[in-house]
Amino acid sequence: MKDLFLVAFGGAAGSGLRWWMGGLPLFQSSFPYKTLFVNVLATAVLGFLFVFMAKAQVVSKEIRLLLSVGIVTG
């Protein structure tokens, strides 16, 4: 149950961050550059997190769920 709460909380935070970043006046075009930018940034952050967490080996399962499944992919 705790894992579900962590993923749900992280997903809500991640969705809010994506919505906020999508509203930034970065690109004005008919092509969805904002969505592309947010998705590429999230992929880079997720890759960094996985490498860091694999090397550190001190990050708990709960923190991995919150960051990787919740916030980044939320």
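Residues 24 or more positions apart supply 57% of the contacts in the protein chain that have a separation of 6 or more; contact here means heavy atoms within 4.5 Å. Before going on, please note that this is a predicted model, in which local features need pLDDT of at least 70 and side-chain atom pairs count only at pLDDT 80 or more, while totals for chains, interfaces and linings use all residues. Residues are numbered from 1 along each chain as its sequence is written, and side-chain values use heavy atoms, with hydrogens and water left out.

**The chain as a whole**

The secondary structure consists of three helices and zero strands, and the elements run α-α-α from the N terminus on. Helices (H or I, at least four residues) and strands (E, at least two) are DSSP runs, numbered from the N terminus. Taken along the principal axes, the C-alpha atoms fill a box of roughly 45 × 25 × 15 Å. The protein chain exposes about 5400 Å², with 74% of that supplied by carbon and sulfur atoms; accessible areas come from the Shrake-Rupley method with a 1.4 Å probe, and for residues only the protein chains shown count as cover. Of the 74 residues, 22% are buried. Buried means under 20% relative accessible area, exposed over 50%, and partly exposed in between (1.4 Å probe, protein chains only).

**Helices α1 and α3**

Helix α1 (residues 2-22) packs with helix α3 (residues 61-72) at an angle of about 35°, their axes being 6 Å apart. Axes are lines fitted to C-alpha atoms, for helices over the stretch in contact, and angles run from 0 to 180 degrees between N-to-C directions. The crossing of α1 and α3 is right-handed, meaning that the near helix is turned clockwise from the far one by less than a right angle. On the α1 side, the residues that meet α3 include L6, V7, F9 and L17, and their partners in α3 include L65, L66, V69 and I71. Glycines take part too, among them G10, G11 and G14 in α1 and G70 in α3.

M53 counts as buried because its relative accessibility is 6%. Leaving aside neighbours within four places in sequence, M53 is in contact with V59, R64 and S68. Y33 is partly exposed, because its relative accessibility is 37%. N39 also counts as partly exposed, at 35%, as does A44, at 48%.

| Pair | Apart along the chain | C-alpha separation |
|---|---|---|
| N39 and R18 | 21 residues | 8.8 Å |
| A44 and V59 | 15 residues | 19 Å |
| M53 and G70 | 17 residues | 15 Å |

**A nonpolar patch**

Y33 also belongs to a nonpolar surface patch with F31, L36 and V40, and together they have about 380 Å² of accessible area. Patches are made of residues with over 30% relative accessible area and no salt bridge, like charges being joined within 9 Å and nonpolar side chains (Val, Leu, Ile, Met, Phe, Trp, Tyr) within 5 Å. A salt bridge is a side-chain nitrogen of Lys or Arg within 4 Å of a carboxyl oxygen of Asp or Glu.
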